[in-house]
Amino acid sequence: MEIPAINLKAIVLVHWLLTVWACLITWLPTSYVLGNMSALAVGVWAIAQRDSIDAVLMFLIGLAVTILTDIVHFGLYYAAGEIQYKSVALELFRFSGGMAILNLLLKPVSCFFVYQMYRERGGEYNVNFGFPRITRNRDAYQSIDHQDQSGSSASSYNQAEGGKPGPLSY
């Protein structure tokens, strides 16, 4: 089964619209707006530079981070917002909360499609952040236990033939 191609512009537009609708009333903090709009700004950068692998990777990371921060925001502020807007604008709060939750539910799907775009633009399957790796493979190392013993050990250590000092071995 082939994965359908979703346009990056459509992903950014849908998430922008849902974020704007989620912020119709001020039940969410400013960090919600700044986090989501920052990730969408990186998405606009990915649209503008069609061949940039870094832009798509940064947009993917931004979407993944906002999934976590959205969960924290909803957990902390939903109940307080429901109490605050219970008598004044409960329908508007429910619409705003519903759009925020729909935005959160669509983000993993968007991450999947953005990852496919990352691979199409030449990104690797494994993401390397530049951290050193620890491996147990020691085949490439040279053992220092068994050194070549040709001639006397004390006199020929740093001398080449003819009594002249040879190059230092490190």
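Modeller: A search of the whole structure finds 0 disulfides, a disulfide being a pair of cysteine sulfur atoms within 2.5 Å. This is a predicted model, in which local features need pLDDT of at least 70 and side-chain atom pairs count only at pLDDT 80 or more, while totals for chains, interfaces and linings use all residues. Residues are numbered from 1 along each chain as its sequence is written, and side-chain values use heavy atoms, with hydrogens and water left out.

Biologist: Why does Cys111 count as buried?

Modeller: Buried means under 20% relative accessible area, exposed means over 50%, and partly exposed lies in between, with a 1.4 Å probe and protein chains only. Cys111 has 12% relative accessibility and therefore counts as buried. Cys23, at 26%, counts as partly exposed.

Biologist: What makes Ile71 partly exposed?

Modeller: Its relative accessible area is 49%, so Ile71 is classed as partly exposed. Ile71 is located in helix α3, and its C-alpha atom is separated by 7.9 Å from that of Leu104, 33 residues apart along the chain.

Biologist: What pattern does the protein chain follow along the sequence?

Modeller: The pattern is α-α-α-α, with 4 helices and 0 strands. Helices (H or I, at least four residues) and strands (E, at least two) are DSSP runs, numbered from the N terminus.

Biologist: How do you know that the span of α4 is close to the expected one?

Modeller: The expected span is 1.5 Å times one less than the number of residues. α4 has 31 residues and reaches 45 Å from its first C-alpha to its last, close to the 45 Å expected. Just after α4, Gly122 takes a positive phi of about 105 degrees.

Biologist: Why is the pair of Trp27 and Phe93 called edge-to-face?

Modeller: Rings of Phe, Tyr and Trp (its six-membered ring) pair if their centres lie within 6.5 Å; planes under 30 degrees apart count as stacked, over 60 as edge-to-face and the rest as tilted. The structure holds 9 aromatic pairs. Trp27 and Phe93 lie 5.2 Å apart, centre to centre, with 80 degrees between the planes, so the pair is edge-to-face. This pair links distant parts of the chain, with Trp27 in the loop between α1 and α2 and Phe93 in helix α4, 66 residues apart.

Biologist: What makes the pair of Tyr78 and Phe93 tilted?

Modeller: The centres are 5.1 Å apart and the planes 45 degrees apart, so the pair is tilted. Phe93 is buried, with a relative accessible area of 0%, whereas Tyr78 is partly exposed at 27%. Trp27, Tyr32, Phe74, Tyr78, Tyr85 and Phe93 form one aromatic cluster.

Biologist: Which residues touch the most other members of the largest nonpolar core?

Modeller: A nonpolar core is a set of buried Ala, Val, Leu, Ile, Met, Phe, Trp, Tyr and Cys residues joined through side-chain atoms within 4.5 Å. Of the 28 residues in the largest one, Trp27, Leu28, Phe59, Phe74, Ala100 and Val114 touch the most other members. α4 gives the most to this core, with 9 residues.
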